[in-house]
Amino acid sequence: MIYPYQGSEPKIDSSVYIADGVIISGDVTIQEKSSIWFNTVIRGDVAPTYIGKRVNIQDLSMLHQSPNTPLVIEDDVTVGHQVTLHSCTIRKNALIGMGSLILDGAEIGEGAFIGAGSLVPPGKKIPPNTLAFGRPAKVVRNINENDLQEMERVRTEYVERGQYYKTLKR
C-alpha cells in the first residue's frame with residue numbers, strides 16, 4: 001500500500017520491486033532496482049526517507065524518522081530481516097544484519113558490516129570497512145575478503161531476486 005501524507009507522495013522508480021504487505025507513506029524516495037520485501041513499513045511522515053539504487057530492505061523491517069532528521073540509505077546497501085532504521089545514515093555498500101536497530105543520528109560507514117542483533121545507539125559512527133557487533137555495537141575488526149564476497153553475493157542476489165519477482169503477475 002502506498003499512501004500520501006500531507007501533500008507528500010512516495011517517489012518510487014518503476015524498476016523497484018515492492019512485495020505484498022509493504023506499506024510506504026509520505027516523503028519517501030526509492031531509486032532504481034531496489035527491493036522492499038514482505039511486510040516492511042517505510043514511513044516518511046515525520047522527515048524524508050531516501051533509499052538509493054540496488055538497496056534491499058528485507059522482510060518485516062521498519063524505517064522511520066524523528067523531526068528534521070531524515071533517514072538516508074545510499075546505493076548498494078543490504079538491510080536484513082526485521083531491522084529498524086530510525087533517522088540514521090547508511091553509507092553505500094554497507095550491510096545491516098537481521099534484527100539490528102540503528103538509531104537517530106547514527107552513521108554506518110561505507111562498506112561496514114553490522115552483525116545480526118546489534119544496536120547502534122544515537123549519534124554513534126561506525127567507520128568504513130569495519131565489522132561492528134553487539135548491544136551497543138562496537139567495532140570488532142576490519143572487513144576481510146570473505147566478508148566482502150558475502151556482502152556482494154547478498155547484494156547481487158537480492159537485485160536479481162527482486163527483478164525476477166517484479167516480472168511475476170499478481
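Modeller: The side chain of Ser61 reaches the backbone nitrogen of Val83 at 3.2 Å; a polar contact here is a pair of N or O atoms within 3.5 Å, where within protein one must be able to donate a hydrogen and the other to accept it, and residues adjacent in sequence count only if both atoms are side-chain atoms. This is a predicted model, in which local features need pLDDT of at least 70 and side-chain atom pairs count only at pLDDT 80 or more, while totals for chains, interfaces and linings use all residues. Residues are numbered from 1 along each chain as its sequence is written, and side-chain values use heavy atoms, with hydrogens and water left out.

Biologist: Is Ser61 buried or exposed?
Modeller: Ser61 is buried, because its relative accessible area is 2%; buried means under 20%, exposed over 50%, and partly exposed in between (1.4 Å probe, protein chains only).

Biologist: Which residues does Ser61 touch?
Modeller: Not counting residues up to four places away in sequence, its contacts (heavy atoms within 4.5 Å) include Asn39, Thr40, Val41 and His81.

Biologist: And Met1, is that buried or exposed?
Modeller: Met1 is exposed, with a relative accessible area of 60%.

Biologist: What box do the C-alpha atoms fill?
Modeller: Along the principal axes, the C-alpha atoms of the protein chain fill a box of roughly 40 × 35 × 20 Å.
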